Amino acid sequence: MKYINLSILVLLLLAINACTIDDQADPNGPSINSVLNNASRAELNLLVSGTEAAMREGWDGYVTAVGSIAREMYLFDADPRNTEDLLGKEGTPLDANTFYLTGPYNTRYRVVKNCNLLLQALDNTSSVSEAEKDGYRAFANTIKGLMLFQVLNMLNDNGIRVDVADPKNLGPFVTKAEAFTAIRNLLDEGYSQLNGAGFAFTLSTGFAGFDTPTTFGEFNRALAAKVALYAGDNAAALTHLNNSFFDINGDLKTGPKHVFSTASGDILNPVYKAPGQSGDQIIVHNYYLADAEAGDDRLAKFGLRVNPTSQDGLNGTHETRLYATNVSPIDIIRNEELILIYAEASARTDKVNDALTAINRIRIEHGLNPFQGTPTADALLDDVLFQRRYSFWSEGQYMFDLRRFGRLNATFLPIDRPGDIIHTQFPIPLTEGQ
């Protein structure tokens with residue numbers, strides 16, 4: 001399925017706090033006014049397609065920003081802020097008004113805006129049945145929850161805006177705890193709306209196997225399990241896994257994905273980097289190579305360069321091979337992560353045997369020996385973090401994992417240059433006026 005660019009239809013904005021909706025003509029799609037007044041099935045489906053497509057925007061900035069902070073990698077390119085600000089060079093703080101924050105932040109909220117527009121449209125249309133309306137609502141609330149979760153991971157204790165439905169009357173920034181509650185409620189609402197719902201829309205091929213109310217519900221519960229884990233509710237995480245596509249013996253790669261193509265109007269995988277190029281390259285942090293266990297097939301994500309490279313006092317011998325081509329898909333969430341969520345939540349609730357079984361599934365799958373030593377809860381949690389470190393390298397997770405484990409600090413992470421500091425969260429964007 002080819003994505004449809006809806007930048008005019010949904011007015012993709014420069015900043016959420018500056019959002020106003022004006023009626024504009026679009027020769028390839030409906031106007032805002034027509035969408036909000038008895039939208040047709042085709043118009044609603046355009047909103048769904050545009051929302052799914054927009055989820056991919058800004059992902060490269062998100063991944064490289066949080067990956068640099070977590071010392072997974074360096075982004076060697078023409079912008080010095082990637083090796084100065086993000087790595088805290090000589091104590092440099094993060095900038096509240098620059099690309100590595102505003103890019104991911106604004107693109108996440110643009111998707112939220114798309115979802116809100118879809119929800120508004122559903123309240124004022126008779127073109128689809130009530131069951132079909134619930135299908136659209138479930139989609140919108142699920143994606144809203146995911147986008148807000150990604151923003152919360154970045155801003156952490158600074159909190160986020162949750163209520164942004166009225167661009168002229170934005171809700172306040174809420175606390176981290178309040179944001180977790182709101183996100184979990186959105187996911188739960190979306191899940192309940194799938195009961196008896198119909199899907200009148202078609203998702204991209206990235207959602208193959210997760211494109212019916214029942215299977216999309218499994219995706220929703222997978223996200224709910226992840227959010228619950230991050231919120232510290234391990235029992236709920238385990239419960240949600242039971243209703244997700246979690247399969248401890250299943251294919252680790254199973255799960256919905258962002259897809260890309262060379263078709264006109266579509267985009268390429270933004271995190272792909274051509275091998276061997278001297279500029280604009282993701283360089284693997286050397287300590288990933290030093291700490292790896294022998295035989296780990298995940299080391300195939302790291303490609304040895306013909307010549308080592310350096311920039312700004314930093315150096316590396318390997319570069320990314322995470323994605324094979326410029327149209328390789330990017331996982332949204334996959335069974336491998338669900339197995340590791342199960343392992344972590346089990347260890348944190350003293351289900352040591354369950355945690356051990358899950359960890360060994362991951363270890364053996366990647367060519368490692370089973371867990372060695374006494375399988376205490378703490379020892380297993382250490383290994384969960386280690387497995388997550390290599391399974392999700394450069395996928396926008398390790399910074400948040402380290403923070404959850406209390407290890408996003410110089411005791412656990414290497415300091416590459418004297419005076420560098422490790423950031424623990426991003427500031428509220430300057431445009432938010434906080």
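**Second largest pocket**

I began with the lining of the second largest pocket, which by class has five nonpolar, three polar and five charged residues. For the classes I counted Ala, Val, Leu, Ile, Met, Phe, Trp, Tyr, Cys and Pro as nonpolar, Asp, Glu, Lys and Arg as charged, and the others, Gly among them, as polar. This is a predicted model, so local features need pLDDT of at least 70 and side-chain atom pairs count only at pLDDT 80 or more, while totals for chains, interfaces and linings use all residues. Residues are numbered from 1 along each chain as its sequence is written, and side-chain values use heavy atoms, with hydrogens and water left out.

The volume here came to about 150 Å³. I found 13 lining residues, and D60, G61, T64, L75 and D77 are the closest to the centre. Helix α3 (residues 59-69) contributes three residues, the most of any element. Helices (H or I, at least four residues) and strands (E, at least two) are DSSP runs, numbered from the N terminus.

A note on terms: on a 1 Å grid over the protein atoms alone, a pocket is an open set of points with protein on both sides within 12 Å along at least five of seven lines, whereas a cavity is a set where a 1.4 Å probe fits but cannot get out; lining residues have an atom within 4 Å of a point. Points are joined across faces, edges and corners, and a volume is the space filled by probe spheres set on them.

**Largest pocket**

Next I looked up the largest pocket, which holds about 610 Å³ of space. It has 22 lining residues, with K253, K301, L322, D331 and R334 closest to its centre. I sorted that lining into 12 charged, seven nonpolar and three polar residues.

**Cavities**

My count gave five cavities of 30 Å³ or more. The largest cavity has about 250 Å³ of space. Its lining takes in 21 residues, and W59, K226, I332, E395 and Q397 lie nearest the centre. Two or more residues each come from α3, α5 (130-155), α7 (213-230) and β8 (330-331), and α5 gives the most, with four. By class I have 11 nonpolar, five polar and five charged residues in this lining.

**A hairpin to finish**

Last, I checked strands β6 (residues 302-311) and β7 (residues 314-320), which run antiparallel and are joined by six bridges. Strands pair if DSSP finds at least two bridges between them. G303 has E319 in β7 as its bridge partner. Two residues sit between the strands of this hairpin, and D312 in the turn has a positive phi of about 55 degrees.
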